[in-house]
Amino acid sequence: MTDFVFQPAPPASIAIAGSDQRFPVRRIFCVGRNYAAHAREMGKDPDREPPFFFTKPADVVVEDGASIPYPPDTENLHHEAELVVAIGKGGRDISEAEALDHVWGYASGNDLTRRDLQNEAKRMARPWDWSKGFDRSAPCGALHPASEVGHPSKGFIRLTVNGEVRQDADLTELIWSVPEVVSYISRSIELAPGDLIYTGTPAGVGPLVPGDTVTVEVEGLSPVVTTITEKA
Ligand code: MN
């Protein structure tokens, strides 16, 4: 046994719908601006950009039902409803035709963002990490195996805050499809089992405040509900 100087943290993991088993999370990849209307609301032309990515640490993932204290260092915490892809089989240079064979399952997710820090990072040409990869910034619902739900390429993706609809789109509006995203990432970074991919958010992102309950729901998948509490 390796003689660590202290006990390493157990791996981050997420629940699997209808199972006592858990899915260990290795890394979290996120796609930027993958719905045209959202790219436009961020002031960008959706037609002129190849896909781009950022990452979050694995241990910022939180499950359905979590209460999250309003994070420090921001006055503009935003929600982003996203379809989450869970990789079960790793690989590099994965073709689009074979990409779905590498997908274990799917979940509803929320790419929480400190928008003010992100806007400042863009303005100063600095990294996005601090705006995206903060503690508890990746709510993720129970994972549904592709063997049960298939590979969703259409269906609603919806986000409500206290029951009011804020984001309402369809997976058909994704600019880069799941096979394209998996293939694209694998040509730059070797994918591994346990990797999650947050596939981007549709239009309608907006602020959350303490007391809000935010729900992301993707058709055919379990919702992920998160409550924002006062600053810790
Ligand atoms: Mn996002």
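Modeller: The discussion below goes through the metal site, a helix, the aromatic rings and the strands. This is a predicted model, in which local features need pLDDT of at least 70 and side-chain atom pairs count only at pLDDT 80 or more, while totals for chains, interfaces and linings use all residues. Residues are numbered from 1 along each chain as its sequence is written, and side-chain values use heavy atoms, with hydrogens and water left out.

Biologist: Which residues coordinate the manganese ion?

Modeller: Donors are N, O and S atoms within 2.8 Å of the metal (3.2 Å for Na, K and Ca), and sites may look incomplete because water is not among the atoms. Here the manganese ion is coordinated by Glu80 (OE), Glu82 (OE) and Asp111 (OD), at 2.0 to 2.1 Å. The sequence spacing of these donor residues is E-x1-E-x28-D. Glutamate 82 belongs to strand 8 (residues 81-87) and aspartate 111 to the loop between strand 9 (103-110) and strand 10 (113-114), so the pair ties together parts that are 29 residues apart in sequence. Strands (E, at least two residues) and helices (H or I, at least four) are DSSP runs, numbered from the N terminus.

Biologist: Are glutamate 82 and aspartate 111 buried or exposed?

Modeller: Buried means under 20% relative accessible area, exposed over 50%, and partly exposed in between, with a 1.4 Å probe and protein chains only. Glutamate 82 is buried at 1%, and aspartate 111 is buried at 0%.

Biologist: What does aspartate 111 touch?

Modeller: A contact means heavy atoms within 4.5 Å. Leaving aside residues up to four places away in sequence, aspartate 111 touches Phe54, Lys56, His78, Glu80, Glu82, Lys132, Ser137 and Tyr198. With the side chain of lysine 132, the side chain of aspartate 111 makes a polar contact (2.9 Å). A polar contact is a pair of N or O atoms within 3.5 Å; within protein, one must be able to donate a hydrogen and the other to accept it, and residues adjacent in sequence count only if both atoms are side-chain atoms.

Biologist: How many residues of helix 6 are buried, and what covers them?

Modeller: In helix 6 (residues 178-186), seven of the nine residues are buried. These are Val178, Pro179, Val181, Val182, Ser183, Ile185 and Ser186. Their cover includes strand 3 (28-32), strand 4 (52-56), strand 8, helix 2 (96-99), strand 9 and strand 15 (196-198).

Biologist: How many aromatic pairs does a search of the whole structure find?

Modeller: A pair of aromatic rings is described by the distance of the centres and the angle of the planes. Rings of Phe, Tyr and Trp (its six-membered ring) pair if their centres lie within 6.5 Å; planes under 30 degrees apart count as stacked, over 60 as edge-to-face and the rest as tilted. The search finds five aromatic pairs. For phenylalanine 53 and tyrosine 184, the ring centres are 6.0 Å apart and the planes at 40 degrees, so the pair is tilted. Phenylalanine 53 lies in strand 4 and tyrosine 184 in helix 6, so parts 131 residues apart in sequence are tied together. Phenylalanine 53 is partly exposed at 30% relative accessibility, as is tyrosine 184 at 29%. Ring pairs also link Phe52, Phe54 and Trp128 into a cluster.

Biologist: Over which ring does arginine 187 lie?

Modeller: A charge sits over a ring if NZ of Lys or CZ of Arg is within 6 Å of the ring centre and within 35 degrees of the ring normal. Arginine 187 lies over the face of tyrosine 184, at 5.1 Å from the ring centre. Arginine 158 lies over the face of phenylalanine 156, at 3.9 Å from the ring centre.

Biologist: In which sense does strand 6 pair with strand 18?

Modeller: Two strands pair if DSSP finds at least two bridges between them. Strand 6 (residues 66-69) pairs with strand 18 in the parallel sense over four bridges, and serine 67 has threonine 227 as its bridge partner in strand 18. Strand 17 (residues 213-218) runs antiparallel to strand 18, joined by four bridges. Strand 17 and strand 18 form a hairpin with five residues between them, and glycine 220 in the turn has a positive phi of about 85 degrees. Strand 18 (residues 224-229) has a covered face of Val224, Thr226 and Ile228, and an uncovered face of Val225, Thr227 and Thr229.
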